[in-house]
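Me: I am new to this structure and would like to learn how to read its features one at a time. Could we go slowly, with the general idea before each case?

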Amino acid sequence: MLDNFPFYLILIFAIVLIMMVADKIKVAYPILLIVSGLMIGLVPGIPSIKIDPEFIFLIFLPPLLYEASWSISWKELWHWRRIILSFAFVVVFLTALSVALVAEYFIPGFGLALGFLLGGIVSPPDAVSAGAILKFVKVPRTISSILEGESLLNDASSLIIFRFALVAVSTTQFIFSEAVVSFSWMLIGGIGIGLLIGWIFMKLHQYLPTDANMDIVFTLLMPYIIYLTAEEIHCSGVLAVVSAGLYLSHNRHSFLSSASRVRGYNVWQSLVFLLNGLVFTLIGLSLPSITEGLKTEGVPFYAAIGYGVLITAVLIIVRILAAYGAVITTLIARNFIKVADTKHPGYKGPFIIGWTGMRGVVSLAAALSIPVTLNNGNPFPQRNLILFITFMVILLTMVVQGLTLPYFLRRFKLMTGEQEEEELRQYKQLRYELAAFALEQLKNQYGKALEEQPILQRIASKWEDSKMLTEDTEMTSDCKVIYISLLKQQRKWLNKKNIKEGNLDESIVRRLMHQLDMEEEKMRHL
């Protein structure tokens, strides 16, 4: 490990540069990282990268899922719960079944159990990939909520299918009653463990004297503690992490201070940035070792590519059909029960949901976790081919779907001007009401202090201005550019003054710099 340490440092530096290029050319960085990792892996002399599946499941997956669950709205998740759960469980099972049937029929040496194993591996769209792609495109809140919610839960359902299929292949038997009990425990136990540890974690924050640093360290440890605890008692670590993340995110304002929230957000953004970069690059770097394994099984390289393309096509077609099937089911169900949205979505929304099905890190980690040998010591059948097909699925879905998704969104024009205006109207109205409420509370509860304290009078004046703002007086994009430019000039002035006057207290300068940074960050979110 230490022998290759300089290589890993250079790799991290290269990842940052690649992400900068991706941001510059407006391409989702997972696409560029996978392709770059593939190209780097083909360079002669590059150290061979062999990914330990436990390394991905333990080091990468818990924090990435935990951060993703903090980002999603519980209200939106509950609002679209029926379609999210149907995609996370029913569609994943139907996808795995479709892959199993196609693999058994078209790929030599594949039985139904091996087909289900492959289906369990490649059926779940990746939460990290979907989040990264959606940051570069503008989609209606409805679609993004469904995609984010589904991608959080489908990892658990696919890994459950994978584990059952692995047992069936290894032992050549499948007991339905035991599978039902095991499935129920993994589901209920995973959610229960996540909520329990999340509740304990929240109470520790509420009753023990913690500061921002301690809070951040706790949040970094949380996903690992939850995942390991759940896996130790043989329930779903993925569901445990997601349920805890959703619970704590929903209650974040009851146990975390504002300093902990602001500073923790910055720490987590940096951590996720690094983990995402590493994991997608490692996917690309793993191809040479995966390709090498095909030779041991005597599978022709071009035939393996064909199998990968076939399975990818099955995944895309089944998901698109499932998206339209969900619409038809909803249109029928609205006659009997209350559904989240009674409007006819047309053909564009379901197509986008169906097309946004990129696979990623969970699929690769599951494939790599297939044992090399069976319980009887014989080589595990088709292991290297499964690995290669999984890599092809990840590569094709990320590149083909990821690159074409912005085109479809622009062509379909799902995000209309009326929707953007409605979002802006709601934002202005809520800000107006918030300022009016604060002003009323200040006058009613602290009237005497308001008369005596000039600072409170300035705050009241600020809220009064906010209350009276109209569309004509709203800060325009040109005003924001000018104001941010003035903030940058203030920084330069402070720096020059700090250098020029040697007796100036550095801590005061840094405090003022931080205030300027916070003001600029506030402007970017207005």
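Predicted model: local features only at pLDDT ≥ 70, side-chain atom pairs only at ≥ 80, totals over all residues.

Me: Where does Gln382 lie, and what is its phi?

Reply: Most residues other than glycine have a negative phi. Gln382 has a positive phi, near 60 degrees, although this residue is not a glycine, and its place is in the loop between helix H17 (361–368) and helix H18 (383–412).

Me: What about His234: is this residue buried or exposed?

Reply: The word exposed is kept for relative accessibility over 50%, so His234, at 62%, counts as exposed. His234 lies in the loop between helix H10 (212–232) and helix H11 (237–250), and its phi is positive as well, at about 65 degrees, in a residue that is not a glycine.

Me: How should I read a residue inside a helix, such as Leu11 in helix H1?

Reply: One can look at its accessibility and then at its contacts. Leu11, within H1 (residues 5–25), is buried because its relative accessible area is 5%, under the 20% limit. Leaving aside residues up to four places away in sequence, Leu11 touches Ile40, Thr281 and Leu285; the C-alpha atoms of Leu11 and Ile40 are separated by 9.5 Å, while the two residues stand 29 residues apart along the chain.

Me: At what angle do the axes of H1 and helix H13 cross?

Reply: Angles from 65 to 115 degrees count as roughly perpendicular. The axes of H1 and H13 (residues 258–285) come within 10 Å and cross at roughly 100 degrees, so the two helices are roughly perpendicular to each other. By class, their contact has nine nonpolar, three polar and no charged residues; on the H1 side are Leu11, Ile12, Ile15, Val16 and Met19, and among those they meet in H13 are Phe273, Thr281 and Leu285.

Me: How do helix H5 and helix H6 cross?

Reply: The axes of H5 (residues 81–106) and H6 (residues 112–122) come within 7 Å and cross at roughly 135 degrees, which means that H5 is oblique to H6. The crossing of H5 and H6 is right-handed, and the residues of their contact divide into 11 nonpolar, three polar and one charged. Residues of H5 in this contact include Phe93, Leu97 and Glu104, and residues of H6 include Leu112, Phe116 and Val122.

Conventions:
Residues numbered from 1 in each chain as written. Heavy atoms only, no water. Helix = DSSP H or I, 4+ residues; strand = E, 2+ residues; numbered from the N terminus. Buried < 20%, exposed > 50% of the residue type's maximum accessible area, 1.4 Å probe, protein only. Contact = heavy atoms within 4.5 Å. Axes fitted to C-alpha atoms, helices over the stretch in contact; angles between N-to-C directions. Parallel < 35°, antiparallel > 145°, perpendicular 65-115°, else oblique. Nonpolar A, V, L, I, M, F, W, Y, C, P; charged D, E, K, R; others polar. Left-handed = near helix turned anticlockwise from the far one by under 90°.
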